[in-house]
Amino acid sequence: MSKLASVLSGVPQGSVLGPVLFVIYINDLPEMVKSDVYLFADDTKLSYKVTNAEDAQLLQEDLNALSKWSKDWLLEFNAEKCHVITYGRLENIRHTERYRLGDEELEHVFNEKDLGVTVTMDYELTFEQHISLKAKKANSIMGMIRRSFSFLDKDLFRRLYTTFVRPHLEYAQSVWAPYLMKYINIIERVQERATRLVDGFCEIEYAERLRLLNLPTMTHRRARGDMIEIWKHFNVYDQTTLSKSFQPRLRPSRRHKFQLLPIKAKDGVRGIETNSFYRRVPDKWNNLPKCVAECLTINEFKIALDNHWKDEPSKYGLPTPTTTTTTTT
């Protein structure tokens, strides 16, 4: 009901057509460059393997092409918010060229927050900084809950914890899931400390607290999240966008029709490749029975998966709660 007004750019915030029209407007951007391009709303990422000076020059040419595209379509990039981050073994990085976007030189950074996940120039992909930040955030929220409630029973704690705390420890976990015990324990200790806030739970062992609260370990939750993500790959996501890292199993199986081909990694049990999402999930997924893997809705799948894993978690490579003893004086 507002009056008409002339605008130079942009769309009304919260509109239905706004995002669609914006995507249409920038739809030709990937065609301007030779690098791999990843778009999410108004965030654009270029990825290119640089092994010599010629590769660095090609990447700069792509940046020049993007700069020209932005001027042609009157949609300029904010160079101050654009950064360069390099991945790889330090001994193999030979070219750390300076790149420019238009007239501005881009800053090289060691860390960058991408869609809520802090990625670091770390060849081992431990996501140490992201895990530390999320653990700190979750502990901060638990501290606020402790100061706000003088009494917490089991039901109130579980509702507060699963609503306000645990999502910080699980968001995008399929990407950054830790594989070293050091970081696994950082995440688990957040939940271990949090469960002590329940009235009368201070002297009870961690495993028993989880049983009384009907909470699984965080490691179990990450394994469950992996299975949910795989189910979505087959039933929700556009099949044309699925990663080539997932290959169907040629040999038929009696378990279910969505069998994946396990691909052996070459870097051992504690290696990066072995613990990547595409290597760690096929075995657990292939072992699911038909009544679980072929569920038609996501809620049905979650319920069936929980019931299937409930009795024998160790049989499916899932951890059981560990017992910890803490002495307070």
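There are 12 salt bridges in this structure, a salt bridge being a side-chain nitrogen of Lys or Arg within 4 Å of a carboxyl oxygen of Asp or Glu. Before I go through some of them, a word on the source. This is a predicted model, in which local features need pLDDT of at least 70 and side-chain atom pairs count only at pLDDT 80 or more, while totals for chains, interfaces and linings use all residues. Residues are numbered from 1 along each chain as its sequence is written, and side-chain values use heavy atoms, with hydrogens and water left out.

Salt bridges, then. Side chains of opposite charge can pair when their charged atoms come close.

Take E105 and R98, which form a salt bridge with the closest N and O atoms 3.2 Å apart. I will call a residue buried under 20% relative accessible area, exposed over 50%, and partly exposed in between, with a 1.4 Å probe and protein chains only. E105 is partly exposed at 41%, and R98 is partly exposed at 47%. R98 and E105 also belong to a network of salt bridges that includes R100.

Next, E192 and R209. Their closest N and O atoms are 2.9 Å apart, in a salt bridge. E192 lies in helix 6 (residues 181-194) and R209 in helix 7 (residues 206-213), so this pair ties together parts that are 17 residues apart in sequence. Helices here are DSSP runs of H or I with at least four residues, strands are runs of E with at least two, and both are numbered from the N terminus. E192 is buried, with a relative accessible area of 10%, and R209 is buried at 0%.

Since R224 sits in helix 8 (residues 218-235) and D306 in helix 12 (residues 298-310), the pair ties together parts that are 82 residues apart in sequence. R224 is buried, at 14% relative accessible area, whereas D306 is partly exposed, at 33%.

Now to helix 2. This helix covers residues 53-72, has 20 residues and reaches 29 Å from its first C-alpha to its last, close to the 28 Å expected at 1.5 Å a residue. The expected span is 1.5 Å times one less than the number of residues. After the helix comes L74, whose phi is positive, near 55°.

Which residues of helix 2 are buried? Among them are D55, L59, L63, L66 and W69. What covers the buried residues includes helix 1 (17-25), strand 2 (43-47) and strand 4 (100-101).

W69 brings me to the aromatic rings. The structure holds 8 aromatic pairs. Rings of Phe, Tyr and Trp (its six-membered ring) pair if their centres lie within 6.5 Å; planes under 30 degrees apart count as stacked, over 60 as edge-to-face and the rest as tilted. W69 and F77 form a tilted pair, 6.5 Å centre to centre with 40° between the planes. W69 is buried at 3%, and F77 is partly exposed at 26%.

The rings of W285 and F301 have centres 6.2 Å apart and planes at 45°, so this pair is tilted. W285 lies in helix 10 (residues 282-286) and F301 in helix 12, so parts 16 residues apart in sequence are tied together. Both W285 and F301 are buried. W285 and F301 belong to one aromatic cluster with W231, F234 and F258.

Methods: Contact means heavy atoms within 4.5 Å.
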